[in-house]
Amino acid sequence: MSKWYRLDNAAKIFPPSKNKYDAKIFRFSVSLKENIDKNILESALKITLEEYPIFKSILKKGFFWYYLEEANIKPVVVEEHLRPCSAFDNGNLFQVTYYKKRINLEVNHALTDGTGTLTFLKSLTANYINIKYKIKNKEVINTASAKESSNDSFKKFKTGKVKKVVGSNKLAYQIKDEKFAENNLKIIEGIASVSDILKLSKSYNVTLTVYLTSVLIKSIGESMDIKERKKPIVIAIPVNLRNYYPSYTVRNFFNAVNITYKYNGEDLSEIVKVVNEEFKRNLNKENVKNKMNNMAILEDIFILRLIPIFIKDFILRYAYRWTDFYQTMTLSNIGIINVPKIYQDYIDYFDVFISTSKIQICMCSYLDKLLLSFSSQFINSEIEKNFFRYLVNEGVNITINTNKLGEENE
């Protein structure tokens, strides 16, 4: 009998809320120093799947809930040929592709979050390097057991206590613009020096995330008409709950906090002050834990368990759209990506971005390379241009990569 898992608390929203613009898929990539060997990558994938058996799951639909069921998935690697974050057509919840020196891992959010995906990709990369370069002194990337990796940490750590949490409940400014007719996801990524950005953030005595969130808010604000400034800019910041609980799961274990700012033409120093206080208020340890408990408690309500899935789908889809009105966009900081020293000379950098029906930014760093990646359905690139131009004007040297969709982005 196949092993199956209930969807974790965060995952329940993704199957009913996906649409033609947003398949709820995100991509992590690693760029190596030499071209990828397909056969070796397939061998490495086979090994990695044995380390993380939950990645062999497929999404099934029951009468009351969706669930994950382990399947006999054959590891297949193909050269990249579709647009980033396209919906999978093979029933799997992940796919591995490659292009020249780059390995791409795309994952359905119903399976895992950014941290879980990165853990899998780091193991896949290590296994690939071990095979290709015949490395004998192999380093262990993940010390967790298969059970710990597959654990539902929402269920494990919830206390059942509902408490009030900090957060904005105001309708947010919505970015609205013309979208690509063929549902293409535009990617604009900037590669900068971590030390350059840290130097700027330290000049304001704030963290790198606070500084870049402030730059993002100013970039959005400068794109707004005066009459649009009545509503606040609200940036959703995903929070890795593993930083608050001793969890080794590769499944979803995150929530999000909202950073709110009502822009009226202020300079960056004023924005940074408010944003820094918003981070301190929202990322208070007790507030984050209360928010997690409030999310997890819903699945304990007995009457909700008895509602058929087609009704739950309707309710969750509506709830997701309603939540959207309280957020302008999302900034997701994966943080510093570390790998054992034995692998560092083979890796150039990591990258991450996510599917979206609007516009989002993801960022991560490896050694001294910081990747700032915008994904967008909009033809207009004003916010991205404002963001990168501001950093360049502050003296940051940035290399821009893009998939060049349409004249606006050439």
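Predicted model: local features only at pLDDT ≥ 70, side-chain atom pairs only at ≥ 80, totals over all residues.
Tutor: Residues are numbered from 1 along each chain as its sequence is written, and side-chain values use heavy atoms, without hydrogens and water.

Student: Why is the contact of D313 and K61 called a salt bridge?

Tutor: The term requires a side-chain nitrogen of Lys or Arg within 4 Å of a carboxyl oxygen of Asp or Glu. For D313 and K61 the N to O distance is 3.8 Å, so the pair qualifies. D313 lies in helix α11 and K61 in strand β3, so the bridge ties together parts 252 residues apart in sequence. Helices (H or I, at least four residues) and strands (E, at least two) are DSSP runs, numbered from the N terminus.

Student: What makes D313 buried?

Tutor: Buried means under 20% relative accessible area, exposed over 50%, and partly exposed in between (1.4 Å probe, protein chains only). D313 has 7%, so the residue is buried. K61 has 53% and is therefore exposed.

Student: How do you know that R281 forms a salt bridge with E278?

Tutor: Their closest N and O atoms are 2.7 Å apart. Both lie in helix α8, 3 residues apart, about one turn of the helix. R281, at 44%, is partly exposed, whereas E278, at 11%, is buried.

Student: What makes β5 and β12 edge strands?

Tutor: Two strands pair if DSSP finds at least two bridges between them. The open sheet has the order β5-β6-β7-β2-β12 with mixed pairing. β5 and β12 each have a single partner strand, so one side of each lacks a neighbour in the sheet.
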